[in-house]
Amino acid sequence: MKNQTAQKIALTGLMAALSYVVFTFLQIKIQLPGGDATSIHLGNAVCVLGALLLGGFYGGLGGALGMTIGDLLDPQYIIYAPKTFLLKLCIGLITGLIAHRLFHVSQETDKKRVLLITLLASAAGLLFNVIFDPMVGYFYKLAILGRPAAELVLAWNVASSSINAVTSTIAATLIYLALRPALKKTGLFFTL
């Protein structure tokens, strides 16, 4: 049991590093009026992938840590670091809840069912983000920067969150389905 916990902690660190790299270096940043920015990225895909592989808490924590560090190191995003940590952790928790607690995807043997569960869990976690990232961002900006700044970027944040959700759902599902048999063969697949 201790060995599995150590492996999960190590893989959480790996997911944090991967989400940081994907979020920071593979993003398309969109500059907005007023000095704000939003971006198209696959950092959320790493968060979802981590939740599918490691469970909701460890996967969400890895994604949350990586993207929060990315925010802290970017002057345009630094004020959003607390919001990022909370929302990305929630993406992982929701994905893990659906994949592992409701449908037990790691114990499933039917490939079609694994695909459906993976899509459903990924989409649910990222749908949460599509709704709550712009909404929390709006109130966050309202409290920190004032109403005009908050209203100015709301539509852009909804659009970028939606694009990120669709691309991240597809990417996380495809990567999980490719990794699953390889991890099983090597004995590194966690049955949650």
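**Helix packing, pocket and cavity in a predicted model**

Colleague: How do helix H5 and helix H6 pack, and what orientation does that give H5 to H6?

Modeller: In this predicted model, helix H5 (residues 111-144) packs with helix H6 (residues 147-186) at an angle of about 160°, their axes being 8 Å apart. Angles over 145 degrees count as roughly antiparallel. Therefore the orientation of H5 to H6 is roughly antiparallel.

Colleague: What is the hand of the crossing of H5 and H6, and how many nonpolar, polar and charged residues does the contact have?

Modeller: H5 passes H6 in a crossing that is right-handed. Divided by class, the contact of H5 with H6 has 18 nonpolar, 9 polar and 5 charged residues.

Colleague: Is H2 oblique or roughly antiparallel to H5?

Modeller: Helix H2 (residues 43-54) packs with H5 at an angle of about 135°, and their axes are 10 Å apart. H2 passes H5 in a right-handed crossing. An angle has to be over 145 degrees to count as roughly antiparallel. The angle of about 135° therefore makes H2, relative to H5, oblique.

Colleague: Which helix gives the largest share of the lining of the largest pocket?

Modeller: The largest pocket holds about 260 Å³ of space. Its lining has 13 residues, and Gly55, Gly56, His100, Arg101 and Leu192 lie nearest the centre. The largest share, 5 residues, comes from H4.

Colleague: How does the lining of the largest pocket divide by class?

Modeller: The classes are nonpolar, polar and charged, with Gly counted as polar. For the lining of the largest pocket, the division is 6 nonpolar, 5 polar and 2 charged residues.

Colleague: How many cavities of 30 Å³ or more does the structure hold, and which residues are closest to the centre of the largest?

Modeller: The structure holds 1 cavity of 30 Å³ or more. The volume of the largest cavity is about 310 Å³. It is lined by 20 residues, and those closest to its centre are Thr38, His41, Tyr77, Lys83 and Asp133.

Colleague: Which elements each supply at least two residues of the lining of the largest cavity, and how many of the lining residues are charged?

Modeller: Strand S2 (37-40), H4, H5 and H6 each supply at least two residues of that lining. Divided by class, the lining of the largest cavity has 4 nonpolar and 11 polar residues, and the charged ones number 5.

Colleague: How many residues apart are lysine 29 and aspartate 74?

Modeller: The count of salt bridges comes to 4. Lysine 29 and aspartate 74 meet through their side chains in a salt bridge, at 2.5 Å from N to O. The pair links distant parts of the chain, with lysine 29 in strand S1 (residues 28-31) and aspartate 74 in the loop between H3 and H4.

How values were computed. Residues are numbered from 1 along each chain as its sequence is written. This is a predicted model: local features need pLDDT of at least 70, side-chain atom pairs count only at pLDDT 80 or more; totals for chains, interfaces and linings use all residues. Side-chain values use heavy atoms; hydrogens and water are left out. Axes are lines fitted to C-alpha atoms, for helices over the stretch in contact, and angles run from 0 to 180 degrees between N-to-C directions. Helices (H or I, at least four residues) and strands (E, at least two) are DSSP runs, numbered from the N terminus. Angles under 35 degrees count as roughly parallel, over 145 as roughly antiparallel, 65 to 115 as roughly perpendicular and the rest as oblique. A crossing is left-handed if the near helix is turned anticlockwise from the far one by less than a right angle, and right-handed if clockwise. On a 1 Å grid over the protein atoms alone, a cavity is a set of points where a 1.4 Å probe fits but cannot get out, and a pocket is an open set with protein on both sides within 12 Å along at least five of seven lines; lining residues have an atom within 4 Å of a point. Grid points are joined across faces, edges and corners, and a volume is the space filled by probe spheres set on the points.
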